[in-house]
Amino acid sequence: FFFKQKTAYEISTRDWSSDVCSSDLQLAAGRNHTCARMSDGTVWCWGYNGYLELGFGVGTYADPVQVSLGASATWISAAGNTSCARTTAQLKCWGRNNKGQLGLGSPQLNGGVAPTAVPAVPGTFDPVQLSGGFEHTCAASAAGEVWCWGEGGRLQLGNTARSEEHT
């Protein structure tokens with residue numbers, strides 16, 4: 001048996017000291033990227049960025065880069081090649097959207113999407129939790145409502161259609 005040794009690395013380009021000890025710090029890891037919501041509501045991501053998982057541009061970044069959300073984030077989520085944040089105003093998602101997993105109404109077969117408000121959920125829906133699979137996303141409200149969108153071929157959207165649902 002052979003085991004590949006994994007090494008932990010310190011992320012040292014930013015002073016994280018005030019956030020690391022804070023209960024407000026939140027981490028979310030996707031397929032090949034990671035994001036952190038800091039105590040001041042900013043979101044920083046690093047890693048692979050082939051589908052705008054980091055919220056902008058192209059390339060892979062070892063150092064954290066700030067995601068431009070236009071408002072403070074109250075929580076974040078990441079899965080597959082996508083990331084999402086609940087800001088003080090709305091739910092925003094970014095990254096790969098080839099199966100409609102960003103809830104934008106239609107998929108994009110090439111490239112990715114910068115942080116964009118999710119129109120798939122009604123304006124009265126106030127998500128308190130969001131979780132994503134490889135190519136689908138679900139959000140839940142405090143009232144018990146659940147909305148899911150994206151790839152549904154294995155019935156992971158909670159409906160009987162074995163298809164993509166973009167809204």
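Before going on, a word about what you are looking at. This is a predicted model, in which local features need pLDDT of at least 70 and side-chain atom pairs count only at pLDDT 80 or more, while totals for chains, interfaces and linings use all residues. Residues are numbered from 1 along each chain as its sequence is written, and side-chain values use heavy atoms, leaving out hydrogens and water.

How many disulfides does a search of the whole structure find? There are 3. Counting bonded cysteines along the chain, they follow the pattern 1-2, 3-4, 5-6. One of them is formed by Cys 35 and Cys 45, whose sulfur atoms are 2.1 Å apart. These two cysteines lie 10 residues apart and link distant parts of the chain, with Cys 35 in strand E2 (residues 33-37) and Cys 45 in strand E3 (residues 43-47). The torsion about their S-S bond is about 105°, so the disulfide of Cys 35 and Cys 45 is right-handed. Cys 35 and Cys 45 are buried. Another disulfide joins Cys 84 to Cys 93, S to S 2.0 Å, and with 105° about the S-S bond this link is right-handed. Cys 84 counts as buried because its relative accessibility is 3%, and Cys 93, with a relative accessible area of 0%, is buried.

Now step back to the whole chain. It has 1 helix and 11 strands; helices (H or I, at least four residues) and strands (E, at least two) are DSSP runs, numbered from the N terminus. Of the 167 residues in the chain, 44% are buried.

Next, find Tyr 51, in the loop between E3 and strand E4 (61-67). Is Tyr 51 buried or partly exposed? With a relative accessible area of 22%, Tyr 51 is partly exposed. Leaving aside residues up to four places away in sequence, Tyr 51 touches Asn 81, Gly 95, Arg 96, Gly 111, Gly 112 and Val 113; contact means heavy atoms within 4.5 Å. The C-alpha atoms of Tyr 51 and Trp 94 are separated by 8.6 Å, though these residues are 43 residues apart along the chain.

The largest pocket holds about 160 Å³. A pocket is an open set of points on a 1 Å grid over the protein atoms alone where a 1.4 Å probe fits, with protein on both sides within 12 Å along at least five of seven lines; lining residues have an atom within 4 Å of a point. The lining includes Arg 86, Leu 91, Phe 125 and Asp 126.

Conventions:
Points joined across faces, edges and corners; volume = space filled by probe spheres on them. Disulfide = S-S within 2.5 Å. Buried < 20%, exposed > 50% of the residue type's maximum accessible area, 1.4 Å probe, protein only.
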